[in-house]
Every structure is written in C-alpha cells, then in structure tokens.
Amino acid sequence: MMVLCFLSRTLQLARHSSSPLGRQLCSASANKPVLTLFTKKPCPLCDEAREELEPYKRRFILQEVDITLPENSVWYDKYKYDIPVFHLNGKFLMKHRVDIQKFEDQLVKLELQNDGNQ
C-alpha cells in the first residue's frame, strides 16, 4: 500500500482511500495549509526564508518547487528573477523576503476557516 499525503490533490485520494491507515495518516495534515516555496539551488534568500518560517512549521505543510527542473519551466519563466516566491494554498502570498505579519495573518485566516468547517 502506498499513501501519499504531501500534496493537496493526493490528500483527497488518501482521505477517500479504502485503507483506514491511509485515512488516519493523512487526516492530521489534511486541514493544514500548504505553503509552496518556489526555489532553486543555490538560493541564500530561500535558506533565510526557511529559517524565518521554522517557528511556524507545525502549522503548515511546506512544499518546495525547484524551478530549474524541466517539468517546472512555467514557474521558471514566471519567477526566475523573483525567488523565493511563496504561494499559500495555491495563491500567491509573497516574494523576495518573508513578510511574517502577512504570513501570520493569512495562516490564522485559513486556520479559522478550517476550524469552522470541522
């Protein structure tokens, strides 16, 4: 059995899985917002951003997208001069540097929405 619950689309698959283990493993992370970091190597600003976000790591799922990979050429064309770039639940949030206040505000907003949907 293979359980994938690190991407928002696969969360739906795991939650609807016939396997109780699959549903149990993904239920805790299913309601966490997904923060996508568009990055490349090396990226000192991305490293700095990860450090700034460290205190919040239990409140979101971090998904990294290496824009230099061939399958990510659309993101490379869009963000090659702007990394790091962050999307929260698929929507643009910030670029170049972490804006902690903006991130915290949006994170709290999503957490309140999730609490209301449970």
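Read from the N terminus, the protein chain passes through its elements in the order α-α-β-α-β-α-β-β-α, which amounts to five helices and four strands, where helices (H or I, at least four residues) and strands (E, at least two) are DSSP runs numbered from the N terminus. The model is a predicted one, in which local features need pLDDT of at least 70 and side-chain atom pairs count only at pLDDT 80 or more, while totals for chains, interfaces and linings use all residues. Residues are numbered from 1 along each chain as its sequence is written, and side-chain values use heavy atoms, with hydrogens and water left out.

Of the 118 residues of the protein chain, 33% count as buried, a class that requires under 20% relative accessible area, with exposed meaning over 50% and partly exposed lying in between (1.4 Å probe, protein chains only). The accessible surface of the chain comes to about 7,800 Å², and carbon and sulfur atoms hold 53% of that area; such areas come from the Shrake-Rupley method with a 1.4 Å probe, and for residues only the protein chains shown count as cover.

In soluble globular proteins, nonpolar side chains tend to be buried together. Here the largest nonpolar core has 22 residues, and those with the most contacts inside it are Leu 35, Leu 53, Phe 60, Phe 86 and Phe 103. Two or more residues of this core come from each of β1 (34–39), α3 (44–53), β3, β4 (91–95) and α5 (100–116). A core of this kind is a set of buried Ala, Val, Leu, Ile, Met, Phe, Trp, Tyr and Cys residues joined through side-chain atoms within 4.5 Å. Phe 60, with neighbours within four places in sequence left aside, is in contact with Lys 32, Pro 33, Leu 35, Leu 53, Phe 103 and Leu 107.

The structure also holds one disulfide, a pair of cysteine sulfur atoms within 2.5 Å. Its partners are Cys 43 and Cys 46, with sulfur atoms 2.1 Å apart, and both of these residues are buried. The link is right-handed, with 70° about the S-S bond.

Turning to charged side chains, the structure holds seven salt bridges, each a side-chain nitrogen of Lys or Arg within 4 Å of a carboxyl oxygen of Asp or Glu. In one of them, Asp 47 meets Arg 50 at 2.7 Å, N to O, and these two residues lie three residues apart in helix α3, about one turn of the helix. Arg 50 also meets Glu 64 in a salt bridge at 2.9 Å, N to O. Because Arg 50 lies in helix α3 and Glu 64 in strand β2 (residues 61–66), this pair ties together parts that are 14 residues apart in sequence. Asp 47 has a relative accessible area of 41% and is therefore partly exposed, as is Arg 50 at 26% and Glu 64 at 40%. Another salt bridge joins Glu 54 and Lys 57, whose closest N and O atoms are 2.8 Å apart. Through shared partners, salt bridges join Asp 47, Arg 50 and Glu 64 into one network.

Asp 82 counts as buried because its relative accessibility is 18%. Its side chain makes a polar contact with the side chain of His 96 at 2.9 Å, the term denoting a pair of N or O atoms within 3.5 Å; within protein, one must be able to donate a hydrogen and the other to accept it, and residues adjacent in sequence count only if both atoms are side-chain atoms.

Technical notes. Contact = heavy atoms within 4.5 Å.
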